[in-house]
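Hi,

Here is the structure I said I would pass on.

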Amino acid sequence: MPWKLTPLLLFLAWMAYQCSAQPRTDLLNVCMDAKHHKVKPGPEDKLHDQCIPWKKNACCSAKVSQELHRDTSSLYNFNWEHCGKMKPACKRHFIQDNCLYECSPNLGPWIQEVNQSWRKERFLNVPLCKEDCQIWWEDCRTSYTCKADWHKGWNWTSGSNKCPTGTTCGTFEFYFPTPAALCEGLWSNSYKLSNYSRGSGRCIQMWFDPAQGNPNEEVARFYALAMSAGAMPQGIRPLLLCLALILPLWLHE
């Protein structure tokens, strides 16, 4: 009786659509569980300078945004100029990187749990638009550093980060010979160099014009949807099992 299968097939098609076509809402508009992040994102009218793009919906406070612009902020006592004066064009990228980290509510698809004293979550392999990474590298290649991974290995005995024993200061280009080496290696794979460009809806932008809206919202929805689709077989497996059990009874009615 093929006609009896019609309602079942329609139901299965509807369930597959519901499982695959809706992004995971737990990945959207969220803040990380970290040292200076707000619990939930919201408007912050007084965000400072390079953090202003997030003022309509931010995970950072105005005070945090001000500290992010200091050479050695009180947030982490991290000194970008550990090998001498950093060029202003280079420094702007690090400020923007920190604003994205502290303020963005659009990094949910890449948030991972960590067991660290100063945070319980971090983001990993965020697809950074290729222009953002390329320009960052170009503007910093002649500034100086002494390490290729800034997440760990510093000498903190003075209260702020100093180059560890045995390292020497060299150009960024020496420690990061390619844009990918910089963006992916700097913070232990927080970012991943994307093949996509700004405006594609497939990569996260560090820089954007708030008057045009936040393009990273669309990017987060895309990847949240992809993750929902990837989880679909596990999500509908119990449903399919139940249907397999009742199908013989249905056909013999």
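**Pocket, cavity and rings**

The largest pocket has 28 residues in its lining, and Tyr 76, Phe 78, Trp 118, His 151 and Trp 187 are the ones nearest its centre. A pocket here is an open set of points on a 1 Å grid over the protein atoms alone, with protein on both sides within 12 Å along at least five of seven lines, and a lining residue has an atom within 4 Å of a point. Its volume is about 660 Å³, taken as the space filled by probe spheres set on the points, which are joined across faces, edges and corners.

Before you go further: this is a predicted model, where local features need pLDDT of at least 70 and side-chain atom pairs count only at pLDDT 80 or more, while totals for chains, interfaces and linings use all residues. Residues are numbered from 1 along each chain as its sequence is written, and side-chain values use heavy atoms, with hydrogens and water left out.

H3 and strand E2 (119–123) are the elements that give two or more residues to its lining, with H3 giving the most, 4 residues. (Helices, H or I, of at least four residues and strands, E, of at least two are DSSP runs numbered from the N terminus.) By class, the pocket lining has 13 nonpolar, 6 polar and 9 charged residues; Ala, Val, Leu, Ile, Met, Phe, Trp, Tyr, Cys and Pro count as nonpolar, Asp, Glu, Lys and Arg as charged, and the others, Gly among them, as polar.

What about enclosed space? The whole structure has 1 cavity of 30 Å³ or more, a cavity being a set of points where a 1.4 Å probe fits but cannot get out.

On to the rings. There are 19 aromatic pairs, counting rings of Phe, Tyr and Trp (its six-membered ring) with centres within 6.5 Å; planes under 30 degrees apart are stacked, over 60 edge-to-face and the rest tilted. Phe 94 and Trp 136 are edge-to-face because their planes are at 85°, with the centres 5.4 Å apart. Phe 94 sits in helix H3 (residues 88–103) and Trp 136 in helix H4 (residues 130–140), 42 residues apart. Both are buried, that is, under 20% relative accessible area with a 1.4 Å probe, protein chains only.

Lastly, Arg 202 lies over the face of Phe 222, 3.7 Å from the ring centre; the rule asks for NZ of Lys or CZ of Arg within 6 Å of the centre and within 35 degrees of the ring normal.

Cheers

Technical notes: Buried means under 20% relative accessible area, exposed over 50%, partly exposed in between (1.4 Å probe, protein chains only).
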